Amino acid sequence: MSLIVQKYGGTSVGSVERIKEVAKKVIDFRNQGHDVVVVVSAMSGETNRLIDLAKQLNDRPRGRELDVLLSTGEQVTIALLSMTLQQMGMAATSYTGSQVRILTDNAHNKARIVEIDDKNIRADLKQGKVVVVAGFQGCDDNGNITTLGRGGSDTTAVALAAALNADECQIYTDVDGVYTTDPRVVPEARRLDHITFEEMLEMASLGAKVLQIRSVEFASKYNVPLRVLSSFTEGGGTLIAAEDPLMEQALISGIAFNRDEAKLTILGVPDHPGVASQILGPIAAENIEVDMIIQNTGHDATTDFTFTVHRNDYQSALTILQQTADKLGAREVNGDEHIAKISVVGVGMRSHAGIANSMFTALADENINISMISTSEIKISVVVDEKYLELGVRALHKAFNLEQA
């Protein structure tokens with residue numbers, strides 16, 4: 001008999017009818033002999049509704065009070081699902097994060113899990129009950145309700161799976177797995193049967209929205225096998241697990257992309273030690289995250305420095321960079337909001353040369369110019385003009401034969 005932690009997102013529990021379908025799925029697993037812990041999100045749209053209510057009364061609500069408000073969304077869902085299971089003849093108990101005692105730090109709205117007391121859950125499982133836990137929430141040392149940030153229910157599920165030594169953590173959502181790329185861009189995109197933690201971390205950080213990146217980090221750290229499944233269609237989904245040395249790895253697992261980037265360049269900066277810190281320090285001080293960085297040194301003792309930020313931070317970063325340019329005596333500052341990042345990801349590239357050349361050739365064949373390049377052990381990313389994003393993704397998907405299993 002296996003212990004399985006299942007997580008159902010907002011669309012999976014978005015109505016009474018869907019909650020009934022989730023209950024049937026849970027009972028099927030229980031009848032197969034598995035112990036089941038269920039983690040649920042708030043019903044689809046509920047968290048946004050609660051945030052809107054708060055902002056109608058207070059433009060900047062205190063974090064503590066906002067957490068008290070937002071945690072009610074999941075509380076509704078755990079009660080409704082437990083009632084449904086009981087009505088269908090399955091013993092079930094619901095727990096809020098604080099009732100389990102999912103202990104977190106006190107960073108309201110973005111808390112991190114410190115410890116989980118699994119005593120009550122294990123006792124209920126021993127009695128044959130299904131345990132239903134509110135995702136996205138916990139409590140601090142003083143008993144204050146905390147929330148884990150957007151997508152935090154994924155993290156709750158993985159953390160519980162780690163604490164309980166579960167055999168698998170299943171994430172049910174509105175897609176049936178992880179694909180080689182977005183099927184809306186490449187209709188031939190193929191669902192992957194398996195992918196490594198490393199690859200999924202790269203895919204998640206590069207814009208694939210299937211899983212919250214923190215949940216993948218947690219799963220990797222504690223070696224919790226993750227499986228992404230659809231709540232609405234049957235299938236084996238995608239297993240995310242540690243790299244198996246006996247498993248033949250595909251050269252490239254997927255093509256990720258991100259439309260939300262902007263590029264900034266400061267030209268003609270005096271080239272001396274510490275100049276990078278002088279440029280990026282004020283950006284970091286405003287909590288603006290920098291992604292790709294390129295520095296080119298000229299023959300006139302100056303350097304050009306280019307970096308990318310999230311598009312939402314573009315105007316703020318541009319203002320800061322212009323102020324920095326004045327202080328440093330740089331020649332000019334320019335920027336571009338109409339860029340996109342395309343990345344090829346795969347652990348297989350560790351042992352294969354020529355991946356970069358194949359990528360650049362495929363883009364060149366479509367007359368797509370590359371303005372920035374970044375590499376890691378299992379990823380190559382390029383920045384291109386936004387209008388070429390979909391063409392570039394399709395070209396790379398075809399070049400690496402990702403439509404073929």
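Axes are lines fitted to C-alpha atoms, for helices over the stretch in contact, and angles run from 0 to 180 degrees between N-to-C directions; contact itself means heavy atoms within 4.5 Å. A word on the source: this is a predicted model, in which local features need pLDDT of at least 70 and side-chain atom pairs count only at pLDDT 80 or more, while totals for chains, interfaces and linings use all residues. Residues are numbered from 1 along each chain as its sequence is written, and side-chain values use heavy atoms, with hydrogens and water left out.

Strand β14 (residues 261–270) and strand β16 (residues 302–310) run antiparallel and are joined by 8 bridges, and alanine 262 stands opposite valine 309 in β16.

The UniProt annotation "domain: ACT", from an unreviewed entry, covers residues 264–338 and 344–405; UniProt positions are given in the numbering used here, feature names are shortened, and annotations may be inferred rather than shown by experiment. The span 264–338 is 35% helix and 39% strand, and its end C-alpha atoms lie 11 Å apart.

A further open sheet has 4 strands in the order β13-β18-β20-β19, and the pairing is antiparallel. Its edges are β13 (254–258) and β19 (372–376); each has a single partner strand, so one side of each is left without a neighbour in the sheet. The twist in this sheet averages 20° from one strand to the next. Strands β18 (residues 339–345) and β20 (residues 379–385) run antiparallel with 7 bridges between them, and valine 344 stands opposite isoleucine 380 in β20.

Next comes the nonpolar core, meaning a set of buried Ala, Val, Leu, Ile, Met, Phe, Trp, Tyr and Cys residues joined through side-chain atoms within 4.5 Å. Buried means under 20% relative accessible area, exposed over 50%, and partly exposed in between (1.4 Å probe, protein chains only). Of the 42 residues in the largest core, Val5, Val37, Ile121, Val133, Cys169, Met200 and Ile240 touch the most other members. Helix α6 (residues 152–164) gives the most to this core, with 7 residues. Leaving aside neighbours within four places in sequence, isoleucine 240 has contacts including Val178, Phe197, Met200 and Val224. Valine 224 is found in the loop between α8 and β11 (226–230) and counts as buried, at 4% relative accessibility. Beyond four places in sequence, valine 224 touches Val158, Ala161, Ala162, Cys169, Phe197, Ala219 and Ile240.

The UniProt record, again an unreviewed entry, also has a "binding site" annotation, and tyrosine 8 and valine 210 are among the residues it covers. Tyrosine 8 lies in strand β1 (residues 3–8) and is buried, with a relative accessible area of 0%. Its side chain makes a polar contact of 2.9 Å with the side chain of glutamine 6; a polar contact is a pair of N or O atoms within 3.5 Å, where within protein one must be able to donate a hydrogen and the other to accept it, and residues adjacent in sequence count only if both atoms are side-chain atoms. Valine 210, found in the loop between α7 (197–205) and α8 (213–222), is partly exposed at 24% relative accessible area. Its contacts, leaving aside neighbours within four places in sequence, are Asp154, Val175, Gly177, Val178 and Val228.

Conventions. Helix = DSSP H or I, 4+ residues; strand = E, 2+ residues; numbered from the N terminus. Pairing = 2+ DSSP bridges.
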